[in-house]
Amino acid sequence: MRSLGVAVVMSIAWSVAVVNGATFTVTSTADSGVGTLRQAIIDANDNPGEDRIEFANPEGECSAAGVCTIDLLTAPEAIDEAVVVDGTTQPRYGTAPANVCATASAPSYMRVEILGDPEGFFSLYTFLIVSEDPSTIRGLALSRKYPIALYSSGAHRVECTHLGVSADGSSKVSTSTGISIGQSGQGAIVGVDGDGVDDLAERNVIAASTGVYINGNWNNVVAGNYVGLGADGVTSLGSALGVYIRQGSRDNLIGTNEDGLSDDLERNLIGNCSTGINIDSVAGGGDGNLVVGNWLGVDANGVMAPNNTAIRLSNGGIDHEIRDNQIRWSTVGIQIDGDSAMGALSTGNCVEDNVDGVIHDGTGAATFENNWWGSADGPSGDGPGSGDTVAVTGTGSLDFDPWLTSVPSHCEIFSDGFESGDTDAWSGAIP
């Protein structure tokens with residue numbers, strides 16, 4: 001990352017760029033004018049190089065709970081230069097906790113909240129990023145319509161942010177889509193990057209109607225987020241769609257890269273959603289998306305947080321890998337429609353305590369071997385055993401034999417003092 005350059009600070013604490021890599025400080029919660037977020041974006045766009053936007057709103061413009069609210073009333077400014085927008089720089093006021101991003105002992109709590117008219121055209125986006133150079137959004141509570149749109153291939157980052165969630169992380173705020181990755185968007189990281197440095201602090205908390213929307217794009221990562229859950233990982237907030245991948249999007253990773261570094265922090269916890277993850281492809285496209293190491297239908301304490309459907313594949317796309325996930329307590333664990341199919345590496349999943357484990361209502365040949373169905377004798381329904389059901393209701397096929405006959409190591413959280421179907425909290429602590 002390019003180091004920050006020199007800035008000239010005026011008496012009102014507004015930084016004016018004179019060289020590449022300047023810092024612009026937001027000192028007003030107003031919609032426009034000197035010291036506002038809007039003016040900071042305008043000035044950052046006009047200044048070459050990677051800039052920073054920091055926050056120092058005065059205490060008198062913030063609540064007793066230490067939350068400074070910016071209410072956008074007119075069209076936002078698109079970001080067309082590399083910038084880091086960092087809400088964690090806002091000073092602590094009132095009863096706000098010491099941390100902004102999540103720690104091992106405290107959930108995330110944002111000090112800067114950005115709102116807009118939930119029905120108004122001018123609040124369609126809060127941050128519209130079109131720069132081909134990487135930008136980062138962090139440390140903010142964003143809601144209403146579409147808070148973040150990543151519309152360029154700039155390897156952008158969204159971390160330590162509440163999307164459709166209140167600043168304190170406890171309640172849902174009306175939001176259509178938390179993060180949209182569209183147009184030429186690719187290479188973005190939403191959440192944890194898994195580099196072993198402050199990974200826990202990178203978690204986003206998402207509870208929009210659609211949490212993360214990837215539309216016709218590839219090589220994006222969605223990792224380590226709470227979706228449909230509050231910042232505590234337990235409070236039920238819900239989403240209609242947790243993660244929605246569509247229109248030929250391919251090679252996107254939802255979950256962990258399984259490189260042995262911060263893998264537990266890279267898992268997404270997705271609960272209380274109508275559909276947790278929906279990969280809605282088109283014929284001839286949308287292949288090879290990976291869903292790896294996530295917990296679906298489970299909260300941070302290992303307690304049920306049911307989705308109606310945990311994972312759905314529809315309208316085409318092959319060789320999707322669904323691997324090493326907890327898929328529990330949903331009406332349907334995995335739903336396969338159309339000619340979609342899972343690849344041969346869709347193994348190591350724990351499909352357990354769902355009303356229906358897998359329903360294959362499509363035409364494709366799906367391979368789903370070496371998974372745990374909650375019983376050593378395999379799945380029930382179209383299977384021979386007593387575990388979660390398999391139902392092939394379309395013209396396709398599902399190869400589930402062989403299956404795992406014991407609980408895989410990444411599911412052992414539920415095998416020690418936490419019986420199948422038990423709704424009591426697991427006694428351990430999950431970061």
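This is a predicted model: local features need pLDDT of at least 70, side-chain atom pairs count only at pLDDT 80 or more; totals for chains, interfaces and linings use all residues.
Residues are numbered from 1 along each chain as its sequence is written, and side-chain values use heavy atoms, without hydrogens or water. Local features need pLDDT of at least 70 and side-chain atom pairs count only at pLDDT 80 or more, whereas totals for chains, interfaces and linings use all residues.

Of the 431 residues in the protein, 59% are buried (under 20% relative accessible area, 1.4 Å probe, protein chains only).

A search of the whole structure finds three disulfides (pairs of cysteine sulfur atoms within 2.5 Å). In the pair C62 and C68 the sulfur atoms are 2.0 Å apart; the S-S torsion is about 95°, so this disulfide is right-handed. C68 is buried at a relative accessible area of 0%, and C62 counts as buried at 14%.

C101 and C160 also form a disulfide, with sulfur atoms 2.0 Å apart. Its torsion of about -105° makes this disulfide left-handed, and both C101 and C160 are buried.

The disulfide between C350 and C411 has an S to S distance of 1.5 Å and, with a torsion of about 95°, is right-handed. C350 has a relative accessible area of 0% and C411 one of 2%, so C411 counts as buried.

The largest nonpolar core has 60 residues, of which F127 and I311 touch the most other members. Such a core is a set of buried Ala, Val, Leu, Ile, Met, Phe, Trp, Tyr and Cys residues joined through side-chain atoms within 4.5 Å. Apart from this core lies another, of ten residues, including C101 and C160.

Key. Buried means under 20% relative accessible area, exposed over 50%, partly exposed in between (1.4 Å probe, protein chains only).
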